[in-house]
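Subject: Structure handover

Hello,

Here is the structure I promised to pass on. Please open it next to this email and follow along.

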Amino acid sequence: MQKMLIMDDGIPLSAILERPASSRCPLVIVLHGFGSAKDRPHTLAACEAMREAGCATLRFDLYGHGESGGEFRNHTLYKWISNTLAVLDYARTLDFVTGIYLSGHSQGGLAAALAGGMAPDRIRGLILRAPAFLIPRGAREGILLGRSFDPAQIGDEIQMHDGLTLSGNYIRVAQTLHAEDAIDRFTGPVLLLQGDQDDLVPPEDSQKAAARYRQCTLRMISGETHHFNCFPEQMKAAIRDWLLARES
């Protein structure tokens, strides 16, 4: 395990690189979700499955989260996309890496999908867990994580659950993003994992995205919720088997 800081325009991003025994191997860049961090149990479980498939993992805290710089209230998807591209640039300098995958959960899954659409020539594949494709749509329609607002008159701040506060710029940025464009630009293989009991990300959003991607394997896990805490072994097996099939 190697801890490091990766800089993005003066913002330090706290990252952890873990490698399997092989000297040269693919690497998976792993993004967490909204209000989360790189060390959550479901993220660690996903990373373990990736390493069991012979891949290195590079998980990191995004802007305003965990041990990285920036304030939570000021984070936006633009900043998360910039973070992801900076980590991708760093990963491409590692001499042991034979190819790079992007993986993300929830808002991190959305950011990974958006970044994948921006750099499809540099990404071997995507592993998306309950990607929050509803965020840009909700920002345009006036609802975010159960909080309603006027999408045409966005205030300076948005009060979220658990006392969390977001700058209105979070909404303004999200309104400009269209996941469909990123999906259409990415032609590589995609693994999309979704729990059918997810109460935050509608399972039908993942079904629509899977149908739109050129090469997508959709794994709908019966009885699973948003954080993949109910049946983690099913999630791990799906990731491990998909990667082994790609890299065999």
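Leaving aside its neighbours within four places in sequence, which residues is Ser 14 in contact with? Met 4 and Leu 5 touch Ser 14, and so does Lys 38. Arg 59, Phe 60 and Asp 61 are also in contact with Ser 14, as are Glu 67 and Ser 68.

Before you go further, note that this is a predicted model.

Back to Ser 14. You will find Ser 14 in strand 2, which covers residues 11-18. Is Ser 14 buried or exposed? The relative accessible area of Ser 14 is 5%. Buried means under 20%, so Ser 14 is buried. The side chain of Ser 14 also makes a polar contact, and the partner is the side chain of Glu 67, at 3.2 Å.

Next, the helices. Two packed helices are described by the angle between their axes and the distance between the axes. Take helix 1 (residues 41-52) and helix 8 (residues 232-247). Their axes come within 8 Å and cross at roughly 30 degrees. Angles under 35 degrees count as roughly parallel, so helix 1 and helix 8 are roughly parallel to each other. The crossing of helix 1 past helix 8 is right-handed. On the helix 1 side, the contact is made by His 42, Ala 45, Ala 46, Glu 48, Ala 49, Met 50 and Glu 52. Helix 8 brings Met 235, Lys 236, Ile 239, Arg 240 and Leu 243 to that contact.

Now find Asp 205 in helix 7, residues 203-212. Asp 205 has a relative accessible area of 8%, so Asp 205 is buried too. Leaving aside neighbours within four places in sequence, Asp 205 is in contact with Phe 133, Leu 134 and Arg 137.

Last, the cysteines. A disulfide is a covalent bond between the sulfur atoms of two cysteines. How many disulfides does a search of the whole structure find? The search finds 0. Cys 216 is in no disulfide, and the nearest cysteine sulfur belongs to Cys 55, 18 Å away. Cys 230 is in no disulfide either; the nearest cysteine sulfur is that of Cys 47, 20 Å away. A pair of sulfur atoms must lie within 2.5 Å to count. Cys 216 is partly exposed, with a relative accessible area of 23%. Cys 230 is also partly exposed, at 42%.

Best wishes

Note on methods:
Residues numbered from 1 in each chain as written. Predicted model: local features only at pLDDT ≥ 70, side-chain atom pairs only at ≥ 80, totals over all residues. Heavy atoms only, no water. Helix = DSSP H or I, 4+ residues; strand = E, 2+ residues; numbered from the N terminus. Buried < 20%, exposed > 50% of the residue type's maximum accessible area, 1.4 Å probe, protein only. Polar contact = N/O pair within 3.5 Å; in protein donor to acceptor, adjacent residues only side chain to side chain. Contact = heavy atoms within 4.5 Å. Axes fitted to C-alpha atoms, helices over the stretch in contact; angles between N-to-C directions. Parallel < 35°, antiparallel > 145°, perpendicular 65-115°, else oblique. Left-handed = near helix turned anticlockwise from the far one by under 90°.
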